[in-house]
Amino acid sequence: MGILSGNPQDEPMHYGEVFSLWNFVLAGNKMILDERIFLNHVGDEDLKKLIKESVEACQQEVKQVEEVLKQNGVALPPAAPEPPHVELNDIPTGARFQDADVAASVSAITASSLVTCSQIIGQSIREDIAMMFGQFHMSKAAFGGKLLKLTKEKGWLIPPPLHYSSKEN
């Protein structure tokens, strides 16, 4: 196999891996920014705790991927500065995101992140990259489970029509 044998970290990334990792960092930076802004709007302490957990996890993931890109000579995408902290009561009622809406947005971001991780795993030829995104995927899936449980407990989940099958046969 030549160039694709031995230590995976010594193997070159293909163009799809480079683009996907670069795009993951760009999207991760945006997610961190969005979720920090959500923290200004959230009143529920349990939801705040989960969002902070999500931000910290994403920061670690972005750092890991940035390191891979740097090691391969790829310039990093820009990141927005940290948003200022705002007191919840300083946000006008009509401009404030409600906790249920924030939870739904974070759920959607998490679901999208799971798909992204799966896509990168599927296109990777470097085992180290595939394994790294496998770990990210497992972490995001566990986080999604915690968020789902919270949305059910708080009554924020809006389920689709539920199907009850009859026991008649």
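## Burial and the basis of the model

A residue is buried when its relative accessible area is under 20%, exposed when that area is over 50%, and partly exposed in between, for a 1.4 Å probe and protein chains only. Ile-120 is buried, because its relative accessible area is 3%.

The model is predicted: local features need pLDDT of at least 70 and side-chain atom pairs count only at pLDDT 80 or more, whereas totals for chains, interfaces and linings use all residues. Residues are numbered from 1 along each chain as its sequence is written, and side-chain values use heavy atoms, with hydrogens and water left out.

## Helix α1 against α2

Helices (H or I, at least four residues) and strands (E, at least two) are DSSP runs numbered from the N terminus. Helix α1 spans residues 15–41 and helix α2 residues 45–71; their axes come within 9 Å and cross at roughly 155°. That makes α1 roughly antiparallel to α2. Axes here are lines fitted to C-alpha atoms, for helices over the stretch in contact, with angles from 0 to 180 degrees between N-to-C directions. Angles under 35 degrees count as roughly parallel, over 145 as roughly antiparallel, 65 to 115 as roughly perpendicular and the rest as oblique.

The crossing of α1 and α2 is left-handed, a term for a near helix turned anticlockwise from the far one by less than a right angle, with clockwise giving right-handed. The contact of α1 with α2 has 16 nonpolar, four polar and six charged residues. In this classification Ala, Val, Leu, Ile, Met, Phe, Trp, Tyr, Cys and Pro are nonpolar, Asp, Glu, Lys and Arg are charged, and the others, Gly among them, are polar.

## Helix α4 and its partners

The axes of α3 and α4 come within 9 Å and cross at roughly 160°. That makes α3 roughly antiparallel to α4, and their crossing is left-handed. Residues making the contact include Val-106, Leu-114 and Ile-120 of α3 and Ile-129, Ala-130 and Phe-133 of α4. By class, the contact of α3 with α4 has 13 nonpolar, eight polar and one charged residue.

The axes of α1 and α4 come within 12 Å and cross at roughly 30°; the two helices are therefore roughly parallel to each other. This crossing is also left-handed. Glu-17, Leu-21 and Phe-24 of α1 meet Ile-129, Phe-133 and Phe-136 of α4, giving five nonpolar residues, no polar ones and one charged.

## The nonpolar core

A nonpolar core is a set of buried Ala, Val, Leu, Ile, Met, Phe, Trp, Tyr and Cys residues joined through side-chain atoms within 4.5 Å. The largest has 32 residues, of which Leu-21, Leu-47, Ile-51, Val-65 and Phe-133 touch the most other members. Helices α1, α2, α3 (99–123) and α4 (127–154) each supply at least two of its residues, and the largest share, nine residues, comes from α2.

Contact means heavy atoms within 4.5 Å, and residues up to four places away in sequence are not counted for Ile-51, which touches Glu-35, Phe-38, Leu-39, Val-42, Val-102 and Val-106. Ile-120 lies in helix α3. Leaving aside neighbours within four places in sequence, Ile-120 is in contact with Ser-20, Leu-21, Phe-24, Ile-129 and Phe-133. Ile-120 and Ala-130 are 10 residues apart in sequence and 7.0 Å apart, C-alpha to C-alpha.

Arg-36, in helix α1, counts as partly exposed because its relative accessibility is 22%. Beyond four places in sequence, Arg-36 touches Val-55, Gln-59, Glu-82 and Pro-83. The C-alpha atoms of Arg-36 and Glu-82 are separated by 7.8 Å, with the two residues 46 apart along the chain.
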